[in-house]
Amino acid sequence: MSRSIKCSVPVEERLALQDLLTDYCTAIDSRSDMEGLLACFTEDGVWDGSALDLPRAAGHAAIRDFFEHVFKNLSHHAHYWTNFRVTRFEGDSATTRSYAMGLAHSHDGRSILAHVSYRLDCVRKADGWKFTSFIATPLMPPPDTPRGSAQTWTGVTTPTVYIASSAHSIISSA
């Protein structure tokens with residue numbers, strides 16, 4: 001049986017890295033805390049959902065543009081993350097991995113359930129840890145969801161993949 005890569009990291013640094021992920025999830029779940037969301041990223045940080053057929057947003061302006069569409073179209077959102085592991089720690093830079101489950105409802109009544117894996121490259125700045133790269137990849141595609149069906153709930157149509165709830169398969173991006 002193989003094990004995930006682990007590395008030695010001071011407890012206070014591990015907790016600070018976990019807090020960064022919690023801050024991100026809390027900002028997304030608020031559906032309005034754009035400044036809190038952007039504070040999790042370096043100015044040139046990248047949010048990459050391309051493995052989910054979502055955009056790759058580089059820099060605060062692109063991240064803001066994508067999530068403004070997401071926030072505008074959601075009535076509810078909740079993140080749950082687990083299996084957090086620091087896989088690289090080098091003083092002022094680190095890489096972590098975790099799983100996440102995201103649940104959301106759109107204003108038009110549709111719902112999503114997403115099971116993803118996060119790979120987070122982080123750097124320590126004067127005001128704390130920040131993401132330089134946030135990569136979301138699918139953990140498991142739902143068996144009844146055809147890849148490529150187009151639905152919208154964030155305002156712009158894009159292919160749907162790996163995200164579903166019973167009868168609905170919905171996701172889109174800016």
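**Close-up views of a predicted model**

View 1. Ser 93 lies in strand β4, residues 93-106. This is a predicted model, in which local features need pLDDT of at least 70 and side-chain atom pairs count only at pLDDT 80 or more, while totals for chains, interfaces and linings use all residues. Residues are numbered from 1 along each chain as its sequence is written, and side-chain values use heavy atoms, leaving out hydrogens and water. Helices (H or I, at least four residues) and strands (E, at least two) are DSSP runs numbered from the N terminus. Ser 93 counts as buried because its relative accessibility is 18%; buried means under 20% relative accessible area, with a 1.4 Å probe and protein chains only. Leaving aside neighbours within four places in sequence, Ser 93 is in contact (heavy atoms within 4.5 Å) with Arg 88, Cys 122, Val 123 and Trp 129.

**View 2. The largest nonpolar core.** Here we meet a set of buried Ala, Val, Leu, Ile, Met, Phe, Trp, Tyr and Cys residues joined through side-chain atoms within 4.5 Å. Of its 38 residues, Tyr 24, Leu 37 and Phe 67 touch the most other members. The largest share, seven residues, comes from α1. Beyond its neighbours within four places in sequence, Leu 37 has contacts that include Tyr 24, Phe 67 and Phe 71.

**View 3. Helix α1 and what follows.** The end C-alpha atoms of α1 are 28 Å apart, which agrees with the 28 Å that its 20 residues should span at 1.5 Å a residue, taking 1.5 Å times one less than the number of residues. Among the buried residues of α1 are Leu 17, Tyr 24 and Asp 29. Just after α1, Arg 31 takes a positive phi of about 65 degrees.

Technical notes: Buried means under 20% relative accessible area, exposed over 50%, partly exposed in between (1.4 Å probe, protein chains only).
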